[in-house]
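This report is for a reader meeting the structure for the first time. Please look over the sequence and the model before reading on.

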Amino acid sequence: GDEEVVAEQHLKDGWRAIHVALPDALDKYDDYWLAETFELTGAPVLACWVLDSEVAHVRGVSGAGEWDTWLNPTHAAAMIVQELLEDVGEDLFEDGGQAAVDRFRTVQTREMLNRLEDEIPLAARKAAEWAAEAGYRVPAGPVEDLLSARREAPGEWGVFKLLHPLGVRGDGFVPASVGGGS
């Protein structure tokens, strides 16, 4: 495709972390791309879309099924609701002014955050099943703890932190390039 490989890190047991810059919409790298990559490699696939410096969406595919989660659910909820507002904000403003828009943002962000946080235990269990398909016996607890933790670091670091409890990297791993680096 038109992807540009920005950086590559070798992880444990032949795993690789590849930072790819995507030229266009991320949609084409979603369901179809993950399924095709899994089918072609026969190996579990883990992908992460870093949407800004604070939000990342992680998806896994393996013989155990698919799973997904958001790193930094607080910022993810706000981002998702902001995208919803792009579709409905004008109508809300016409019907009730800025107060209606603000009320929508506040209520929807709280509800979205609750939903994302409620999904964490299931995502952690499915991530542990993904790791088992990758050959690692890992408990769901540490994955859930990491996903539930407040995020201070950029989304890119959260991805690399997640690789440890999933078994595909050791403790001393530090990515050579984080963010838009070269």
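## Salt bridges

How many salt bridges does the structure hold? The structure holds three. A salt bridge here is a side-chain nitrogen of Lys or Arg within 4 Å of a carboxyl oxygen of Asp or Glu. This is a predicted model, where local features need pLDDT of at least 70, side-chain atom pairs count only at pLDDT 80 or more, and totals for chains, interfaces and linings use all residues. Residues are numbered from 1 along each chain as its sequence is written, and side-chain values use heavy atoms, with hydrogens and water left out.

Take Glu-66 and Arg-59 to begin. They form a salt bridge, with 3.5 Å between the closest N and O atoms. Are the two residues buried or exposed? Relative accessible area decides: buried means under 20%, exposed over 50%, and partly exposed in between (1.4 Å probe, protein chains only). Arg-59 is buried at 9%. Glu-66 has 47%, so Glu-66 counts as partly exposed.

Arg-105 pairs with Asp-102 in a salt bridge, and their closest N and O atoms are 3.5 Å apart. Both residues lie in helix 2 (residues 73–118). They are three residues apart, about one turn of the helix. Arg-105 is partly exposed, with a relative accessible area of 30%. Asp-102 is partly exposed too, at 34%.

Arg-115 and Glu-119 also meet through their side chains. This salt bridge spans 3.1 Å, N to O. Arg-115 has 43% relative accessibility and counts as partly exposed. Glu-119 is partly exposed at 36%.

## The open sheet

Helices (H or I, at least four residues) and strands (E, at least two) are DSSP runs, numbered from the N terminus. Which strands form the open sheet? Three do, in the order 3-4-5, and the pairing is antiparallel. Strand 3 (45–52) and strand 5 (65–71) are the edge strands, each pairing on one side only. Neighbouring strands of this sheet are turned by 15° against each other on average, direction ignored.

Two strands pair if DSSP finds at least two bridges between them. Strand 4 (residues 55–62) and strand 5 pair over seven bridges, in the antiparallel sense. Glu-66 of strand 5 is the bridge partner of Val-61. Helix 1 (residues 31–41) packs on the sheet and touches strand 3 and strand 4. The direction of helix 1 makes about 150° with that of strand 3. For these angles, axes are lines fitted to C-alpha atoms, for helices over the stretch in contact, and values run from 0 to 180 degrees between N-to-C directions.

## A pair across the sequence

Ala-78 is found in helix 2. At 37% relative accessibility, Ala-78 is partly exposed. How far apart are Ala-78 and Gln-108 in space? Their C-alpha atoms are 8.6 Å apart, while 30 residues separate them in sequence.

## The whole chain

The protein chain has five helices and five strands. Along the sequence, the pattern reads β-β-α-β-β-β-α-α-α-α. Of the 182 residues in the protein chain, 38% are buried.

Contact means heavy atoms within 4.5 Å. Among contacts between residues at least 6 apart in sequence, 46% join residues at least 24 apart. The accessible surface of the protein chain is about 10400 Å². Carbon and sulfur atoms account for 49% of that surface. Accessible areas come from the Shrake-Rupley method with a 1.4 Å probe; for residues, only the protein chains shown count as cover.
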